[in-house]
Every structure is written in structure tokens, then in C-alpha cells.
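Morning, everyone. I'd like to walk you through one chain today. Please keep the picture in view while I talk.

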Amino acid sequence: TGDLGRWLPDGNIEFTGRKDDQVKIRGYRIELGEIENALLQHPLVKEAVVIAREEGNEGKSLFAYLVSADKLNSDGLRSHLSSILPKYMLPSYFIELDKLPLTPNGKTDKKALPDPEGSGMTSGVAYVAPGNEVESRLVQIWAMILGSPPEKISVKDNFFDIGGHSLKATRLVSQLHKEFDIKVSLKELFAAQLLEEQAHLIQQAAKTSFISIPSIPLQIDYSLSSSQRRLWLMSQFDEGSVAYHMPAVYIFEGELNKAALELSFISLLKRHEILRTAFRENEQGEIRQVILEEPVFNINYLDLRDFSDQHDKLKDLVKQDLISPFDLKLCPLLRAGLYQVGQNRWVFTYTMHHIISDGWSMNILIRELLLFYTAYTNHKKELSTAIVSPLRIQYKDYATWQQQQLNDNVLALHRNYWLEQFAGELPVLNLQGDLNRPLVKTYNGALIHSTVDKELARGLKILLQEQGVTLFMGLLAVVNTLLYRYSGQDDLIIGSPIAGREHADLEEQIGFYVNTLALRSRFKGTDSFKNLLEHVKQITMDAYEHQMYPFDELVDALQLQRDRSRSPLFDVMVILQNNETKDIAEQRMGDLTILNYAGEENLTSKFELTFSFAETWEGLGFSLSYNSDIFTAATAARFSAHLEQIIYAVVHFPDQPLNQLDYLLPEEKSQLLEDFNATFKAYP
């Protein structure tokens, strides 16, 4: 029917909205009903309906149609909505009507809503066209990064209000360097958020020539990047290697062209050398990248339609595809399986080793795979090789360039920053486990999922906007607060991945570019959450400025006393999945419908605790990956529940000292106050 709901523990189904009322604009998932409800809270608005409408080739925009008791103006409406909704949910247009058109059933006839042209109020940010060449070029760069039509971008627009965030700001920095030969810091971009302010910044900045990453001559083998070297060492043990698999499983429904799918993978291997790279020891005993000239790739195909134990057989096959270790001496370090389970229905698996890929790379791989497959199924073999322009550089060129920068001391400023951050005695998180910590670090893990509801998630976002910090910074502060309340430690190190593509040449590359930031927070229990936010903002911004220095080089430079039971430097990771992450299940591939497979999960954990967040339809999605050799499922569930309580506490009491924030569940309070104090005994 298109209705959405969730099954409650008591067996009832709670209606949560309509599927067709949920849209994605500029990477943000938006529920139109939320905007309508916010509009109806305005004292003059009697009726409201919001739709997302395509504007030619300019993408989707939000249009609000209103029936009001008196004349409205866009500034007043925008101000009202800004107090309730995040800025990315504000409509681009407000259109006043005498009445809403209705269907014969009495529902709003959205198809009959008039064209807004000439009858609408804009969102309140007046459109001002570029006034000079710098502004015109900057509009084009914003449009590329934000995925917005350039005609819609005003010089009065705020980068972070129309879809920007820290990752996109990092891309903006690299593009400004490439296009204008100037180096602008992230701090400067956060201070100059309007397009006209950034244009002025560019005009005032000193020239710093953009230097492309050079392509190196053909060799027998090539050096590894810093991150590859450490991952190779960790992968010499099967358990460590499997922990760094990047698996995915999908269901294909429809007409599948197996030959075209296999040919598409081969085309990907031809285009990206890293996908046909092995890691072998040379005569001097050094591990090197060896690139296979001609790609060899076969999809493992098996027809399970006549198997009486199809379900069990499929489960075993999928599990083996996900966990079978790779031999890094052999390539490709990528495999795929295709299992037919019905007429025009298949289960598809693919697994890559992290040493040749990362999350950003997966987006590129999916996009190009779809392009190749569509071309081959349309019998346009000659078009497939021309769909994407040839790559000027490959991963081997990046690895050589990175090592040269390290050898030439180009990164000395960044290195000194990190060494200063971790000078002196380093904190080790003292988090009580349920089980004795193994003497040697293990990767056995489990995963629990939860959701911070819409109202609480919205409250958190509004608080963060008021404090001028990003969602990631806010979540990092929340996790710091949780760990502080558990351990009593006010000096904490938490890791977080960053794309590692600060150089503009790396945007379309597949490979292991991701870097890790070790974020050290030092605060006091008497500080408020607002104080902590300011501190976290500062250390995060500084870390972004110095992200070019590889984490693996930092670990070596610190000469840490090795504890084989722990990860180096930190045991907790925080991740915010950005809105650029593509899911192949949201797309079509020729005549195929692609669905997510609800089956095996990769039960490994790289760290003791990994807090992963993502904005979802329901609010703020949250998953906790934990080492099951240290923590039980019950403890992990308690971590999750307490995290949500911390969010509630900081949203409602952001000025309260951290050591007074209430994070206990009602039943825990009852146990403390009543059960543990029930000491009365009757004596004869």
C-alpha cells in the first residue's frame, strides 16, 4: 500500500508514514510529513502540503503549498521552520493557495498542485548572481561538490546550509587549490561559510602552485603506501586478515546477463591497476606491489534451484565467500559469487580485501560497474571503454608520491603536530570488560543496532547548529561523555577514519587511501557539554588540518610500548557514515532489481568498540560493533541504551556539568534506590 510502520514488541503495528512521502535531496533523507507538521505549528497556517519536484535538469527541490488565515512572508516562515527543523529540510519555495486541490476521496491531489513559477515565495535567501569571475568559478565548484545545479547557488548561500559538511569542505579545500592555486584552511572555510565570503578569501590568499601527483615509469614492482604496509603485517594471521575484508551480499531479481556482469568486472580490473595487484617479497626481502598485466576474473556460479537443502547450502556458501582468507601474494584480491535460487532470482556476493580498497572506493566501483553492465547489456561493447575517461595516475603513483613526501620531510609540520598531541604519558582506556582480556588481540565480534528517534535526533542537531559544530563533532563529544561516565577518565583517545584524499587528483581513484585520525580529548568532569563541544571542535579542526600525515607513520614515530592485547593508541572508534555513501540496492542494473540480502553479517570487530552512526528515515541510526571476547551482548546493549540517555541529557541540559548528567535507565535507578537499599530485616 505504500504505508510504512514498525512492529512493536506488544504485537501492534505503529503507522509511521508513507513511503512516497520520503525523499532524498542533496544526499539528505527527508520526510515531507515532518515539514508539513512544522508548518502547521505556525499560527497563520491552516493547511500545508510539501512535495519534492524535479526542476528540469536541476535536481529536486522542496515546494510548500499553504492555505493561511492572513498574508505570509517567506522570511517569517523560514524563521519559524528554522526553530524546529534542520536547515536542509527548509523548502526552496512557499506557494500560497486559496484552497488545496482534492481528489474525489477528499485527499490532497498533489498532481493538481499548480506550477510554482510566478506564484511562489522563495526560501528567504535572495538569489544574487555571481558578480565576478572568481564567484562564477566558485559557483561551479560548489555545484560539483554539493550536487546542486549552479543556477540555484546564490553568492549569499551558506555552504553548510545547502548540503556541506566536513568531508565536502575537505574536498572544497583541494578543489580551490587545484583551480585557483591557493591554499585555504578548513578553519578559514568554517569562518567564511557564504560563497561571497569565500570568493573574497580566494582573492586575498597568497598563491601556492598546485602540483599534480606524477605518474611514475613502468617497473617490475612498486612500493607500498604506509597504510598498506601495516595492513599487510596484520594480515599475516588469518583472523587479522578476515577482519579487513570488505564484503557485501545482494539479491538480484529480473533478467540477468551473467556474461555481461563478468565482463564488467574485467573492465573494472583493466581500468584500475590496484584491483589486479598482489603483494610479494622481492630479492631484498621487501614487500612490494606487483601488478598483473592481463586481468583474470571469474564469478563463481552455482544453480541451487534443485537443491532440497537450498537454504542451508546458500547460507554456507555466503559465509565462506565472506570469511575465506585471501592470499595477498595472489590477485585479484576480489571475488564474487552468484547463486541462482529461483527463476530470475539470484544471491550475489562480493568480497574485497581492505588493502586494495576503502569506503570511498566502493562508491566508485559500484558506479562504474553499473555503467559497464548497462553498456554491455545494450550491446555497446565499444562504448563501455569510452564511458569513463582514462585514469592519468594509478594507486602505485600515489604510494610512490606519499613515500617521497615522507622521505623529503615535506610532512614535517604535520608530523610535529601529532607528536605534540601525544607527548607525555598516553591514556589507556580502563573500561571494565565482562571477560578476561585475551593476551593477544582478537577480532571476534558481534553487532547490535539501534535508532535515536526523530525528535531526539532533531534536538541534538539543533543544539549542534546553535554551537556551530558538525554532527560528527557532536557525536564524538557524546561518546567521550559516555566513556568518561563509565571510566572516570577525562583524557581519552578515540579513532575516526577520514577519506585521505586531500589531493584533488585522488577523487576518482580506487585504492586504500583512508587514513585514521587519533583524536585526543582532555577535559574536566565539571565542564558542561557545551564546553566539551567547543574543545572537540578545536581538536577535530586541527586534526583535519594535519590529516596528511599517515596514522601508521605516527604509530612508528611514537615508539609505543607494544601491548599485544590492544590496538595501538586507541581501542574505540567513532564513525559517521556520510550521505555520499552509495548502496547498490538503491539502484537498478539494466533489467535487474537489486535488493539487500538479510542474512550473514560479518562478525568481526577491528576494535573493542566501534560506534557507527548514519542519518536515516527514522532518526539517527546507530550500530555498535564490539569484541565478543571482552564484552557480552547484554553489556553492549547497555552501552547502546546509555548512549541514547546521554544524548537525551545533553540535549535537555547542555549547561549541566558532565559529572552530573543523568544517563541511567529508569529500571537501573529503581534498582539503586530501592532494591539495593532494601536492607530492612524483621527480628524476633
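Predicted model: local features only at pLDDT ≥ 70, side-chain atom pairs only at ≥ 80, totals over all residues.

The chain has 684 residues, and 53% of them are buried. It holds 20 helices and 22 strands. Now take the contacts between residues at least 6 apart in sequence. Of those, 73% join residues at least 24 apart.

First stop, helix α1, residues 32-40. Which residues of α1 are buried? They are L32, G33, E34, I35, E36, A38 and L39. That is seven of the nine, so α1 is largely enclosed by the rest of the structure.

Six strands make an open sheet, and the order is β12-β13-β14-β9-β20-β19. The pairing is mixed. Which strands stand at the edges? β12, at 300-303, and β19, at 588-589. Each has a single partner strand, so one side of each is left without a neighbour in the sheet.

Look inside that sheet at β13, residues 334-342, and β14, residues 345-353. They run antiparallel and are joined by eight bridges. Within that pair, G337 has T349 of β14 as its bridge partner.

α9 lies across β9, β12, β13, β14 and β19, and it runs at about 170° to β13. Helix α11, residues 359-377, lies across β9, β14, β19 and β20. Its angle to β14 is about 135°.

Next, helix against helix. In general, two packed helices are described by the angle between their axes and the distance between the axes.

Take α15, residues 454-467, and α19, residues 633-652. Their axes come within 9 Å and cross at roughly 50°. The two helices are therefore oblique to each other. α15 passes α19 in a left-handed crossing. On the α15 side, the contact is made by L456, G459, L460 and L463. On the α19 side, it is E644, I647, Y648, V650 and V651. By class, that contact has seven nonpolar residues, one polar and one charged.

Here is a second pair: α14, residues 412-421, and α18, residues 551-558. These pack at an angle of about 55°, with axes 10 Å apart. That makes α14 oblique to α18. The crossing of α14 and α18 is right-handed. R415, W418 and L419 of α14 meet L554, A557 and L558 of α18. The count for the contact of α14 with α18 is five nonpolar, no polar and one charged.

Start with H272. Where is H272 found? In the loop between α9, residues 258-271, and β10, residues 277-281. Its relative accessible area is 1%, so H272 is buried. Beyond its neighbours within four places in sequence, H272 is in contact with I364, E368, L391, Q394, E508 and I510.

Second, K396. This lysine sits in helix α13, residues 395-407. Is K396 buried or exposed? With 8% relative accessibility, K396 counts as buried. Not counting residues up to four places away in sequence, K396 touches I216, Y222, E273, Q289 and I291.

Last, K71, for contrast. Its place is the loop between β6, at 60-68, and α2, at 74-82. K71 counts as exposed, at 66% relative accessibility. Leaving aside its neighbours within four places in sequence, K71 is in contact with L44 and E96. K71 and E96 are 25 residues apart along the chain, and their C-alpha atoms are separated by 8.5 Å.

That's the tour. Over to you for discussion.

Note on methods
Residues numbered from 1 in each chain as written. Heavy atoms only, no water. Helix = DSSP H or I, 4+ residues; strand = E, 2+ residues; numbered from the N terminus. Buried < 20%, exposed > 50% of the residue type's maximum accessible area, 1.4 Å probe, protein only. Contact = heavy atoms within 4.5 Å. Axes fitted to C-alpha atoms, helices over the stretch in contact; angles between N-to-C directions. Parallel < 35°, antiparallel > 145°, perpendicular 65-115°, else oblique. Left-handed = near helix turned anticlockwise from the far one by under 90°. Nonpolar A, V, L, I, M, F, W, Y, C, P; charged D, E, K, R; others polar. Pairing = 2+ DSSP bridges.
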